[in-house]
Amino acid sequence: MKDCKMAAYLSHHQKVLRLYKKSLRHLESWCIFRDKYRFYACLLRARFDENKAEKDMVKATMLLKAGEEEFWSNQHPQPYIFPDSPGGTSYERYECYKVPEWMLDHWHPSEKAMYPDYFSKREQWKKPKVRPHSLQIPGSFTNHQK
Amino acid sequence: MHPTSLMMTTSLMTIFLLLAYPVLTTLSPAPRAADWALTQVKAAVKLAFFVSLLPLFLFMNEGVEAIITSWNWMNTLTFDVNLSLKFDHYSIIFVPIALYVTWSILEFAAWYMHADPFMNRFFKYLLVFLIAMVVLVTANNMFQLFIGWEGVGIMSFLLIGWWYGRADANTAALQAVVYNRVGDIGLILAMAWMATNLNSWEMQQMFVTAKNFDLTLPLLGLIVAATGKSAQFGLHPWLPSAMEGPTPVSALLHSSTMVVAGIFLLIRMSPLIENNPAALTLCLCLGALTTLFTATCALTQNDIKKIVAFSTSSQLGLMMVTIGLNQPQLAFLHICTHAFFKAMLFLCSGSIIHSLNDEQDIRKMGGMHHLTPVTSSCLTIGSLALTGTPFLAGFFSKDPIIEALNTSHLNAWALTLTLLATSFTAVYSLRVVFFVSMGHPRFNTFSPINENNPMVVNPIKRLAVGSIIAGLLITSNVIPLKTPVMSMPPLLKLAALTVTILGLMVALELASLTNKQLKTTPTLAPHHFSNMLGFFPPIIHRFTPKLNLVLGQTIANQLIDQTWLEKAGPKALVSSNIPLITTTSNAQQGMIKTYLALFLLTLTFAALLVSY
């Protein structure tokens, strides 16, 4: 994904798909029981499929706009968010225990001796990182070398 | 000294020493054992509980109470501050209950937090909190009470923000501190008034010398303090936000001990409140509003901990209503029974959350009765006790409160709100049990779910026993200070049970409707009002800061910059001089008629001057 860049705008296709997905997620928040959710999810899919062959972009954009407005008025105020997702109950919970990788360089030799295999491999991993700047592997260990 | 008093004093001092010893050992630089939390802290609290049973039995058998004044801290000529401990029936009954609940929570926390690298520090914080709470409830003077008050507030901040890498946790911790600080303004105001007018902070002296004073101002301060600490309406948003902390913190601080400190303060000050109708009415109305508002908010929440948090806030409102009815002992009874079943509800929630890999949304639970039968059974027992089911713990406290409300000649509006809140309690309790325990699982089975660990099951079972028998034990052994109304029409007697059953029936009907293919969304406006907590947090958290910032900007821009620059400074000089300059330069354009006009004008003035 070296050259993956985001476009400055979303295509109509992307907007429709995003509307469909978030509609399904909010429907899941409203319809707690799975059988009821499946029933209304099928109805929602049918509504989207009804206009999927629309070629007139003006009409398609109007339909999308109407869909977004309907979503806005029917959205759930507390949509279900997965616990580890942004906004979830355990998101970033363990950030305070995370230590940067370069701290391993500061372990005492007696502590490093407890994991000889890892630290021997670590020395090998770090060796290519001291290449000249133009030959360095992008995106790793560049800022923590003295 | 009488042997009974000596035994009581010794056992109470022993409790303090037992609790303080593990904290003092942490001052040593030597590393602590990996199981220090279990072997030292939990053992200390457990031992302290059994030691605290001795003064409790002495009190129940002989009615022995004690006031121990051990150290003159500081004094002026007329004002003394002593280290003074009061072991009356409130503190003698509350301390064993607090220790029992803490013992169960610490044992549960050893399982819940076993993967935390700083578990020892966590237990130390809980122990420091417990010591501060015991200092608060045993204080015989306002200064000592204030030390305990602030101590529990600070430990609440540290424990809510335990996972400080999470932004929401830090926000919640700050929110708790700020809201509590607003309440502390009231407490400090009351203390200042008492120091200047009553010349003492000792409770006995205050109660005697306050008889001839108008106590409205200090009592308002105390009510504001209770509003902040006990999450009454207006200063309540911090309590549901405090659920960011680990579940043992919610179980200990934010359900059974810390949040009742405000109500406990009012119970302690009840000799001052009972003769002030304004304060009593304020307590009644504030409590009624709180209990209904927070029960309404709990109806549509989906986070299990938030539901229990709002339930706590609703019960605290009920305690405030009881204070407003001038029944402090009933409020205290409700504090005691509430501690058991609310802590148990939190522990059950924590057990379920941990089993489901930190899933807290009840929409993704279900069928837990098959997987964790003990936990879900205790959840049901706790919910039944909360709703006031006859002969469980909550019944012995809630029912007398509703009866006292029905038979009083006070505010009918408060009565209506309280009864409505009682039925809402049944609704959200059934909602929790329905979505969590009943039906089919709505989660993925990523890890095996079981109750094999006794460290989970035993605390919950212990609290379940307390939730069943605590009400009966306390009412059977404690003589009421005020005679309850014994005879009333059957409708009033059965009012609490009736509204609870009505609430349960409505909840069952709504639960059956959720699975029918009717429509996807409920009627949105009432649902959004309840789900968004009455829009109170967004309005207050945005409006007040915006008002302050706009005021600051107005002062900085217009008052300071604009005034000094444009009205009084350089621009003022410019604006005042330019008309003069313009006039003068216009008169000097080289036009003969201007000069002629000026000449004639000057001549006219001179002639007039000469003639007069």
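Strands β1 (residues 66-75) and β2 (residues 80-87) of chain B pair in the antiparallel sense over eight bridges. Two strands pair if DSSP finds at least two bridges between them. Strands (E, at least two residues) and helices (H or I, at least four) are DSSP runs, numbered from the N terminus. Four residues make the hairpin from β1(B) to β2(B). Across the pair, Ile67(B) stands opposite Lys86(B).

A word on the source. This is a predicted model: local features need pLDDT of at least 70, side-chain atom pairs count only at pLDDT 80 or more, and totals for chains, interfaces and linings use all residues. Residues are numbered from 1 along each chain as its sequence is written, chains are lettered from A in the order written, and side-chain values use heavy atoms, without hydrogens or water.

Now the interface. How many residues does each chain bring to the contact? Chain B gives 37 and chain A gives 31, with contact meaning heavy atoms within 4.5 Å. Together the chains bury about 3,000 Å², 54% of it on carbon and sulfur atoms. That is accessible area (1.4 Å probe) lost on being put together, summed over both parts. Arg166(B), Arg363(B) and Thr520(B) supply 22% of the area that chain B buries against chain A, more than any other three residues.

Next, charges. Two salt bridges link chain B and chain A. The cut-off: a side-chain nitrogen of Lys or Arg within 4 Å of a carboxyl oxygen of Asp or Glu. Lys364(B) and Glu28(A) form a salt bridge at 2.6 Å, N to O.

Key: Buried area = accessible area lost by both parts, 1.4 Å probe.
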